[in-house]
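Here's a quick tour for anyone meeting this structure for the first time. Let's start with the place where two chains come together.

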There are 2 protein chains.
Amino acid sequence: MSSSFPADHQPHALDSLFHPRSVAVVGASSDPRKIGGRPIAYMLRSGFAGELFPINPAQAEVQGVKAYPSLRAIGKPVDLVIVAVGGAHVAEVVDEAIEQRVSAIVVFSSGFAEMGDDGRQLQERIAARCAQAGVHLLGPNCIGVFNSHQAMYATFITALEHEQFEPGHVGIVSQSGAIGSYLYGLAGDRGVRVSHFVATGNEAGLDVADCIDWMANDPQTHVVMVYLEGCRDGDRLYRALEQARLRRKPVILMKVGRTEQGAAAAASHTGSLAGSDVVYDAVLSETNAWRANSLEEMVDLAYACSVGPMPRGNRLGVVTSSGGVGVIATDEATRTGLVLPTLPQETQTAILEIVPFASGVNPVDTTAQTMGDRTLMTRILELVFAHPGFDSVLTFNANMGRSEAEFGKIREALYQLRREHPDRLVAMSMRAKPEIAAEIQREGILVFSDPARATATIAAVARIAAGFDRPPARVEESEARQVLPLPAGALDEAAARTLLAQHGIPFAPLELASTTEEAVAAAQAMGYPVVMKVVSPDIPHKSDVGGVALGLRDAEAVRTAWAVMMESVGRACPQAQIDGVMVSPMITGGVETVMGVTRDPVFGPMVMFGLGGVFVEVFKDVTFRRAPVSLTTAHEMIRGIQGLPLLTGARGKPTVDLDTLASALVALSNFAAAHAGELDSVEINPFIARPSGGCAVDALIVKR
Amino acid sequence: MSSSFPADHQPHALDSLFHPRSVAVVGASSDPRKIGGRPIAYMLRSGFAGELFPINPAQAEVQGVKAYPSLRAIGKPVDLVIVAVGGAHVAEVVDEAIEQRVSAIVVFSSGFAEMGDDGRQLQERIAARCAQAGVHLLGPNCIGVFNSHQAMYATFITALEHEQFEPGHVGIVSQSGAIGSYLYGLAGDRGVRVSHFVATGNEAGLDVADCIDWMANDPQTHVVMVYLEGCRDGDRLYRALEQARLRRKPVILMKVGRTEQGAAAAASHTGSLAGSDVVYDAVLSETNAWRANSLEEMVDLAYACSVGPMPRGNRLGVVTSSGGVGVIATDEATRTGLVLPTLPQETQTAILEIVPFASGVNPVDTTAQTMGDRTLMTRILELVFAHPGFDSVLTFNANMGRSEAEFGKIREALYQLRREHPDRLVAMSMRAKPEIAAEIQREGILVFSDPARATATIAAVARIAAGFDRPPARVEESEARQVLPLPAGALDEAAARTLLAQHGIPFAPLELASTTEEAVAAAQAMGYPVVMKVVSPDIPHKSDVGGVALGLRDAEAVRTAWAVMMESVGRACPQAQIDGVMVSPMITGGVETVMGVTRDPVFGPMVMFGLGGVFVEVFKDVTFRRAPVSLTTAHEMIRGIQGLPLLTGARGKPTVDLDTLASALVALSNFAAAHAGELDSVEINPFIARPSGGCAVDALIVKR
């Protein structure tokens, strides 16, 4: 093992945690099964190349290594200190470590925030001292961190006691030590080899985002698996995930608490803020993190992404000795967004020359004949690989991998094809003995026993690969030309409309009238029919009190409506301050949409788009993105709703102007981002989409 | 091996296929790897208890068994004949077998429908001869059938050459030999033991439904796995699945061709009718067959259902040493329809007495403390099992199953709990060595490495169990009080409305008027406003030619509309026969719904329900069932749409009379079933649902 970094490593603040030159263990134990003994045992067993300092005032040496009575007594600089003492003694060890100018501290000890308020206060004091001193703190109440390339095991993870897998290139970042540890085992069972592992415990200092950021920077980590229960700082997580995306590193992330019940279970288990699950979905999609629904799916994807390569696109070629498997793969490919392009006629002809009753289209059904003579299969595979139109190739080979003799008949030809076409993702679906599966994996070919699972995994990897090339979904700098301050106090509809219009959102014309005749004049100027609404900061639900009149067709109708409205509102809300009446043209036709902003407790202002009414309330057919969004992202939001056909001409509706919708969403998102701290929500309902242009006709701004 | 049936076996027509007393192999080979040699080799190896007659005119014995020159030469009755000769010789062997009065014939040989029209004709001739003689024909072009309890292997499935698993209680019925064979291997890998296996090949005689029906009747088959690509006779499949349901046997079925692309791949691979995929969904749901999306899911469910028991309900208790896994299980349970009831306070208190920082609610988080002292975990498990409110219990035990020493600490206590609570479905999520997983399975406990997959499987088993107790979704006898014949020729709207009303579907009142004044009189009698529509068999799209007038408020409006309509229709369709005008009250308010009947090529008339317009066309929010349906099923259809809240008071809409909707659906389904052979489709659009009552206002009947 080497203690030096790979040549292409760029220095990073957390190097001292993930790649320390020296490690001290306070609470070092001679018992290799105690939490103060395990790190030493693991590092000795694997040959940690840095310096190791057990701290134990009662012993001259620990597990055969010279021990020191204290950190002070070492007399040399220490990068990383492991704290494995009782919770009550942690603070003094941390103080000593800070005094000795260590770079990072890992606190295994429990007895902090997870135990109640006293523990929380103690934890906050320790965290504050570390923050002040610029020392990185991992934990407390965490099972630690390891770097398998360096044989640096600052962890008491029990999985390592019996099973230690070879170093690899997949990083694990977990908020739960138990899940992280289990995931390490599951990954190992699947042949996924881990580069670095970190469990963040109570996250008094470092959090998941910090660890992802380090792995995004680390040349030895090619893929990151993340287990997340909650998040304090959504912006930091977002940026770390964007870092990984920009470095083209797949992040496979499981965020639990998807359901209300699950979120409640998570809240009782951790102290983290819940955040809205649809917002997590949106944010993870934006940052190209693959949201896995199970540990198994995480491992499948880490396996596929690390065996690689990442495919260039979503075109799949399928070669199978069973027509039925071809159908299974086609179904699953279609469901998951892969396409199966037809092979060129000359390739089809060549396949039929090899096996007369084969189907050469794609999926290529080689028929059971190829099971009797394996050279037929390899010749067909050669033809399929020679076709440049597939980004991935899946081949089904039934039970071939159960027999060394059978697999031996295609081994060399298969590996040759793999080498000749290094840019293809290649997967086999077959039952295989573990040693054959491991060998195939080493050659850069995936193996799955289930063909649908193989297909779904290829589709996911293709989606992740495509996400690397996308421009950022969120624009870091607001594109708004001007940002006006929010007025003090509550905003009535007229004020909200005016303010949003000033920020670039088109609204139906609006005139304020203080008298009947002003209203008539305004209506005549803008053209009948018009709408009138009472203006009052004291009346939030205007239509409930007779404060709205629709479809007024002439001056007489305006005058009558004015009188009726004033009488009705005056009776319902005698104390309300009436600032007049808004007059707007009555907008008819077009398609009603809704745009909004909500404030997520984790990720801040989120912009929302959907169709109005039941489509939002009953069908939940809305899309979200973090504000501010780019124009491209706004178009994605619009195209992401299930009801899109209603905007593109379905059922005799007009095809509406999507550019106007997208521009309005961008403007709204800029407004939301600029006022992130002050806004609770914005709702523009409806925004009328029309064949040309479009405009909002109502708005509500709620301040925090 | 015994050749006798279990004592509780009821005689079934296919006993001679699945449980023959004697088997002859025509084309018997001395080479145990040839298709005519494999059945003999497999039966000799495993000890088939019946009589075995190799037929080979050139040899005195085959694989050590006395051979006969022909079927005639045997001179004894033969139950089952295997035909393993070249396709061109099959017909003569079949003739000889029929002459010898055999009961069943399995044709391995290929060269039939799968090879084109000549083969198809040959196949049809053979099938017709068997049908005429009352001989059961399996195949041709099939890999055969086996009964592992009887060691009867009328198959050349290669999977058996290297791997033969112990007999069990899961049946496999597959249209594809390759998939069936692979499934047998996957099942074996998971510890699922097979009782009977059959691949139906070209299905010239027996089909999948026949085989399911036999397994439903067989006491040794407890669970059936089915792989289906297409179906000729939907009614037979439906009845076989209902048989299995009535005998409380889980059927796990994979029907491929879910997507348009997959269906196209299936069509090129088989000759089967496609049928609509949503109709398959509906039919499988009605008959309680679990529709699996992958082979892996099939095996998971066969595993769970065969290790059993089937749980009594959907209440899950979770005990985990990792809080994170508790959240994962809660999310997945919620997603899949399980509930996690809270433990009683006294149980919670007792748990906290065992582990002070545990969470005792449910999921019970025992904390990592229980990994150090396993007795804590078993004591908590005892408390959870003692609570009668859980139908299933899931426990997460991390890596415990990797270590005999660790698992040994809870083994006896766990098995004791299993025995004391035989009605609970019990699952463990942990990494386990194969021998430990196999042992646990033998004790009747499921093992899954992935906790979400364990949870989803429990949920599926609970759903299957619940389906056994449901009354049949489809009523076999039409409940209609009267069935009137369909009039000859095309039906115009008035005729369609009248006919459907006669069958019990409420319609808005309708009067036919031949003159203006008749229309006025009708309108006055029913009350304004009214709707008028032209009546003509030649005008299908009335509104396109000015043949519809809405909202007519008085006699004058009726007269004007009449004149305008006649002028407009006369101009647009000068040749059309005009039979007068329909007058109906203008129905306003209520919620528009759609009811319909479509004719599925496989399953016949299907009744459909949904909300009108975009909800059907864009959101595909409709439910289907096979006609005729019971009232309960009609209510399920209504409650099955996503837009149900629009019928139950969402967004200020009225809560409508669901009983009227359900009765109308029953009546429509009866009408459809009674005229199954003559109808192409029926559309009642809209049917206006109202707070009390409700009625149809338009109808279209299209005959075949």
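Chain B and chain A share 8 salt bridges, each a side-chain nitrogen of Lys or Arg within 4 Å of a carboxyl oxygen of Asp or Glu. In one of them, the side chains of E296(B) and R453(A) meet at 2.7 Å, N to O.

A word on the ground rules: this is a predicted model, where local features need pLDDT of at least 70 and side-chain atom pairs count only at pLDDT 80 or more, while totals for chains, interfaces and linings use all residues. Residues are numbered from 1 along each chain as its sequence is written, chains are lettered from A in the order in which they are written, and side-chain values use heavy atoms, with hydrogens and water left out.

Here's the contact (heavy atoms within 4.5 Å) by chain:

| Chain | Residues in the contact |
|---|---|
| chain B | 66 residues |
| chain A | 66 residues |

Together the chains bury about 5,100 Å², 63% of it on carbon and sulfur atoms; that's the accessible area (1.4 Å probe) that two parts lose on being put together, summed over both. Y182(B), R431(B) and F619(B) supply 15% of the area that chain B buries against chain A, more than any other three residues.

Now for a helix (a DSSP run of H or I, at least four residues). In chain A, 7 of the 10 residues of α3 (90–99) are buried, so this helix is largely enclosed by the rest of the structure. Buried means under 20% relative accessible area (1.4 Å probe, protein chains only). Among the buried residues are V90(A), E96(A) and I98(A). Just after α3(A), R101(A) takes a positive phi of about 60 degrees.

Terms used. Buried means under 20% relative accessible area, exposed over 50%, partly exposed in between (1.4 Å probe, protein chains only). Helices (H or I, at least four residues) and strands (E, at least two) are DSSP runs, numbered from the N terminus.
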